[in-house]
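Please keep the sequence and the structure in view while reading.

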Amino acid sequence: MQRASNIALAVSAMLMLFSIAHAQQRQSALQPIEAMVPSRYDFGLPGWAPKPMEPAANPTTAAKVELGRHLFYDKRLSADGSMSCESCHQQSRAFTDGRAVARGVTGQSTPRNSMSLVNVAYFPVLTWANPLLRHLEQQALVPLIGQEPIELGLAGKEQEMVKRLAAEPIYRRLFAEAFPEANGEISLATVVRALSAFERSIVSMRSPYDRYRYEGDVDAVSDAAIRGEALFFSERLECHHCHNGLNLADTVLHERNKAGEIAFHNTGLYNLDGKGAYPADNTGIMEITGKPEDMGRFRAPSLRNVAVTGPYMHDGSIATLDGVLDHYAAGGRTIASGPHAGIGRTNPFKSSFVPGFTLTREERADVIAFLNSLTDGALLHDPRFANPWLRKDKSK
């Protein structure tokens with residue numbers, strides 16, 4: 001409970017810092033992040049896709065996105081100049097990092113797997129297990145100045161970061177274009193707003209499955225993928241209860257669903273004491289709520305591009321999609337020995353949507369084919385989201 005209290009206090013402190021940063025802007029030019037409205041930005045979406053919501057006080061603009069893209073790939077946003085946001089969110093991996101858990105500038109590991117940033121604009125809560133973080137403008141402060149664990153390590157070094165950015169000639173132009181209402185001011189507040197705008201712009205709606213399901217291209221996917229889709233959305237496997245809709249996730253917010261939907265689930269990944277316990281550093285939203293029944297409840301991630309975002313689960317403890325299917329087929333993971341030994345299938349807090357199932361070898365291959373059809377290959381190389389510094393004669 002002490003750790004939960006510390007996290008709640010840390011979040012409150014970050015929100016206070018964010019408010020103070022706004023209050024310090026010239027003539028209060030930047031307003032606090034509050035109301036959400038449908039975005040007017042051209043995300044390049046197909047006609048069937050709804051636009052995401054965004055804070056009315058931080059409208060997405062092309063100038064802001066371009067500034068955010070430069071900042072996202074800039075190692076000057078870390079304490080020692082060794083890391084950038086891209087270090088944990090690589091485009092070729094659908095903006096994940098391929099590690100079980102992320103590491104910060106000090107080498108300290110976080111307890112969680114790096115979530116994909118693709119379509120993050122469509123989520124009303126962010127991260128695996130923090131229902132308090134609802135805006136990217138708030139969440140960006142966690143890796144920048146968070147200290148438990150340290151990620152980019154800028155706590156207490158915010159002004160040093162500002163000086164580094166101000167010394168780069170291109171930023172004087174980019175900040176002026178992105179924030180004319182703040183006279184182009186370079187500050188923590190404008191940095192997180194620009195980063196948030198860029199992250200919102202990272203959308204993926206061009207997978208073979210999208211072309212098949214939403215655009216009627218029957219040749220876009222294989223017969224195996226079509227059979228796998230039928231299995232995935234069947235009551236036999238139950239997958240669709242937590243992975244459905246636009247993002248193949250049951251937490252969603254967009255212009256056609258402005259109220260939003262939020263859900264967290266316990267999938268029986270652990271059962272350390274036979275009474276439902278998860279590892280102490282990964283207890284799910286119970287860490288925030290303090291409610292025993294919230295033990296092990298995490299947000300279901302989007303399955304878009306899932307074939308390239310492994311390893312899987314909130315702690316990266318399952319290496320492959322086959323391993324994920326094993327976990328759900330068993331109705332919860334059994335760990336035979338070691339500090340995490342336990343029978344997840346009997347976890348008393350496990351969701352009723354994880355009862356277990358059986359698959360033939362052919363059916364398993366079909367489900368994997370369906371999951372592979374969710375990869376938007378164009379996204380992984382889209383120049384709109386790529387590192388802009390690679391074309392500049394700079395050493396970052």
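## Helix packing, rings and loops

Helices α9 and α12 are roughly perpendicular to each other, because an angle from 65 to 115 degrees counts as such. The model discussed here is predicted. Helix α9 spans residues 223–232 and helix α12 spans residues 361–372; the two pack at an angle of about 95°, and their axes are 7 Å apart. On the side of α9, the contact is made by Ala224, Ala225, Arg227, Gly228, Glu229, Leu231 and Phe232. On the side of α12, the contributors are Glu363, Asp366, Val367, Ala369, Phe370 and Leu371.

The buried residues of α11 pack against α12. Helix α11 covers residues 321–329, and its buried residues are Leu321, Gly323, Val324, Leu325 and His327. After α11 comes Gly331, with a positive phi near 70°.

### Helices α2 and α7

How do the axes of α2 and α7 cross, and within what distance do they come? They cross at roughly 100° and come within 7 Å. Helix α2 is therefore roughly perpendicular to α7. From α2, the contact is made by Lys64, Val65, Leu67, Gly68, Arg69, Leu71 and Phe72. From α7, it is made by Val191, Arg193, Ala194, Leu195, Ala197, Phe198, Glu199 and Ser201. The residues of the contact of α2 with α7 divide into nine nonpolar, two polar and four charged.

Helix α2 is mostly covered, as eight of its eleven residues are buried. These buried residues are Lys64, Val65, Leu67, Gly68, Arg69, His70, Leu71 and Phe72. They pack against α5 (158–166), α6 (169–178) and α7.

Ser201 is placed in helix α7, which runs over residues 188–201. Is Ser201 buried or exposed? Its relative accessibility is 4%, so Ser201 counts as buried, the cut-off being under 20%. Leaving aside residues up to four places away in sequence, Ser201 touches Tyr41, Phe43, Val65 and Phe385.

### Aromatic rings

The whole structure contains 14 aromatic pairs. One of these is formed by Phe72 and Phe95 and is edge-to-face, with 6.0 Å from centre to centre and 70° between the planes. Phe72 lies in helix α2 (residues 62–72), whereas Phe95 lies in the loop between α2 and α3 (136–139), so the pair ties together parts that are 23 residues apart in sequence. Phe72 is buried, with a relative accessible area of 0%. Phe95 is likewise buried, at 0%.

Charged side chains also lie over ring faces. Arg76 lies over the face of Trp389, at 5.4 Å from the ring centre. Arg299 is placed over the face of Phe123, at 3.8 Å from the ring centre.

### Loops and backbone geometry

Most residues other than glycine have a negative phi, and most peptide bonds are trans. Against this background, several backbone values deserve attention.

| Item | Backbone value | Location |
|---|---|---|
| Phe95 | phi about 65° | loop between α2 and α3 |
| Glu148 to Pro149 | cis, omega near 0° | Pro149 in the loop between α4 (141–145) and α5 |
| Gly310 to Pro311 | cis, omega near 0° | Pro311 in the loop between β6 (298–299) and α11 |

Asn119 is buried, with a relative accessible area of 1%. Ser92 also lies in the loop between α2 and α3. Ser92 is partly exposed, with a relative accessible area of 48%. In sequence, Ser92 and Gly107 are 15 residues apart, and in space they are 23 Å apart from C-alpha to C-alpha.

Terms used:
Residues are numbered from 1 along each chain as its sequence is written. This is a predicted model: local features need pLDDT of at least 70, side-chain atom pairs count only at pLDDT 80 or more; totals for chains, interfaces and linings use all residues. Side-chain values use heavy atoms; hydrogens and water are left out. Helices (H or I, at least four residues) and strands (E, at least two) are DSSP runs, numbered from the N terminus. Buried means under 20% relative accessible area, exposed over 50%, partly exposed in between (1.4 Å probe, protein chains only). Contact means heavy atoms within 4.5 Å. Rings of Phe, Tyr and Trp (its six-membered ring) pair if their centres lie within 6.5 Å; planes under 30 degrees apart count as stacked, over 60 as edge-to-face and the rest as tilted. A charge sits over a ring if NZ of Lys or CZ of Arg is within 6 Å of the ring centre and within 35 degrees of the ring normal. Axes are lines fitted to C-alpha atoms, for helices over the stretch in contact, and angles run from 0 to 180 degrees between N-to-C directions. Angles under 35 degrees count as roughly parallel, over 145 as roughly antiparallel, 65 to 115 as roughly perpendicular and the rest as oblique. Ala, Val, Leu, Ile, Met, Phe, Trp, Tyr, Cys and Pro count as nonpolar, Asp, Glu, Lys and Arg as charged, and the others, Gly among them, as polar.
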